[in-house]
Amino acid sequence: MPPAADTTTSPRTGARPQTERPASARSSHLGWLFAVAIAVAAFNLRPVVTSLGPLLDQVRTDLGMNPTLAGLLTAVPSLCFALFGFAAPGMARRIGPIAVITAGMAAITAGVLARSFAGGTAVFLLLTALALAGVAVSNVLIPVVIKRYFPEKVGPMIGLYSMSLSAGTSLAAAVTVPLTGALGGDWRVGLGVWAGLGALALLLWVPVMVARRERGERSGGAAADRLPITRSRTAWAMACFFGLQATGAYVVMGWLPKIFQDAGVSEGASGVLLALTMVIGVPVSFVLPNLAARRGDQRLFVVVLASCGIVGYAGLALAPSAAPWLWATLVGLSNCAFPLVLTMIGLRARTAGGVAQLSAFAQGVGYLISIPGPILIGRLYQATGTWYLPLGFLALLLVPQMLFGLRAAMARHIEDEAVRPVAAGVRS
């Protein structure tokens with residue numbers, strides 16, 4: 001699977017045909033290494049968050065963390081994803097996206113490992129933020145390198161990326177507790193062991209970085225990087241779509257076990273049902289981007305996924321214990337709007353620089369939009385004592401999510417929308 005960008009290099013005049021074969025073989029090997037590096041990097045983008053949740057009570061007790069700070073910890077991921085995500089394109093322009101992703105893998109490895117030795121809450125939060133900074137820049141820039149180096153394979157590569165991300169999310173949530181128990185029961189070991197995966201990703205990205213030798217503006221084109229993206233309606237629709245789907249995903253990860261437990265489902269079964277919502281995203285995250293990339297627009301997928309969510313939330317509100325596996329499956333399918341929006345980000349810009357700017361804008365604004373959601377759902381539950389209103393609110397949010405998604409899914413490019421007002425001003 002050699003990167004398509006390599007095929008554009010013209011041979012030197014007079015070069016013998018046989019001298020091209022070793023270069024082609026090297027290109028092929030580098031392409032496969034690159035694809036594996038992307039998959040392993042994606043696998044590392046969520047364990048820093050999902051490994052912490054099951055051990056949070058132990059962490060709070062050991063570090064003396066009060067409930068307010070524990071609540072802040074749940075909001076840190078979205079805040080870091082937004083703030084550092086905005087900075088990613090500028091960093092990529094200076095040193096290239098591959099170098100930034102490599103640094104991101106180093107930050108994840110260092111942050112996850114070092115926080116397991118933290119002696120206080122402040123240090124733990126700072127080191128968690130370091131790891132999340134690495135996650136944030138990689139979130140934004142991996143679609144960029146896919147667009148640049150695999151322009152003819154955007155769908156399959158986004159599918160590989162999102163499938164690996166879903167697998168890492170599910171695995172960390174499922175095995176952190178039993179793994180911690182098997183390693184002696186210390187939360188520090190249970191969290192720190194995930195740094196090993198970060199180190200593996202770093203070992204893969206360093207040779208890719210050396211082989212590519214990117215230099216600053218090579219990362220995506222200066223013109224695309226200067227787009228007035230806030231003038232693009234597609235970019236705003238993409239950001240709102242991203243934010244609303246992220247709201248639903250974070251609410252589900254935080255509250256779904258409690259919803260089932262309040263309906264009489266056991267703690268163990270509720271955890272399995274949460275795992276189901278995440279595991280179902282693994283195969284769908286691979287297939288969906290391939291299907292979506294083949295179409296001129298992706299509006300059909302937007303409607304289908306939102307409809308699954310509306311039915312799933314209605315079932316959870318009205319009869320949660322009647323068909324819990326069905327509701328969990330439908331909610332999990334609804335959350336597959338995440339790989340869909342990643343695919344659309346790669347398709348709505350013509351250049352890698354445009355993808356970088358759109359990815360940063362959509363994810364940065366989107367994660368800011370998602371921050372209040374889990375807090376508001378908790379407040380609604382606290383005020384009413386039931387899940388009817390919170391789940392009804394989540395179902396209602398899928399309506400604007402669908403509307404924004406329909407606009408973002410249309411076959412348009414942000415370069416056309418962003419430059420039109422500028423061109424009109426010049427003509428006038």
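Trainee: Why is T128 called buried?

Mentor: The relative accessible area of T128 is 4%. Buried means under 20% relative accessible area, exposed over 50%, and partly exposed in between, with a 1.4 Å probe and protein chains only. T128 is therefore classed as buried. This is a predicted model, in which local features need pLDDT of at least 70 and side-chain atom pairs count only at pLDDT 80 or more, while totals for chains, interfaces and linings use all residues. Residues are numbered from 1 along each chain as its sequence is written, and side-chain values use heavy atoms, with hydrogens and water left out.

Trainee: What makes the pairing of T128 and R115 a polar contact?

Mentor: Their side chains are joined at 3.2 Å. A polar contact is a pair of N or O atoms within 3.5 Å; within protein, one must be able to donate a hydrogen and the other to accept it, and residues adjacent in sequence count only if both atoms are side-chain atoms. The pair is accordingly listed as a polar contact. Leaving aside neighbours within four places in sequence, T128 is in contact (heavy atoms within 4.5 Å) with L73 and R115. T128 itself is placed in helix α6; helices (H or I, at least four residues) and strands (E, at least two) are DSSP runs, numbered from the N terminus.

Trainee: What makes D62 and R188 a salt bridge?

Mentor: Their side chains meet at 3.3 Å, N to O. A salt bridge is a side-chain nitrogen of Lys or Arg within 4 Å of a carboxyl oxygen of Asp or Glu. The pair is one that links distant parts of the chain, with D62 in helix α3 (residues 56-63) and R188 in helix α8 (residues 187-192), 126 residues apart. D62, at 44% relative accessible area, is partly exposed, and so is R188, at 22%. The count by this rule comes to six salt bridges.

Trainee: Why is the pair R407 and E417 said to tie parts together?

Mentor: The side chains of R407 and E417 meet in a salt bridge of 2.9 Å, N to O. R407 lies in helix α19 (residues 388-408) and E417 in helix α20 (residues 414-427), so the pair joins parts 10 residues apart in sequence. E417 is buried, with a relative accessible area of 9%. Salt bridges that share partners join R407, R412 and E417 into one network.

Trainee: What makes a set of residues a nonpolar core?

Mentor: The members are buried Ala, Val, Leu, Ile, Met, Phe, Trp, Tyr and Cys residues joined through side-chain atoms within 4.5 Å. The largest such core has 88 residues, of which F34, I38, Y161, W205 and L340 touch the most other members. Helix α6 (residues 121-149) gives the most to this core, with 12 residues. Another core, of 24 residues, lies apart from it and includes F260, L330, V331 and Y381.
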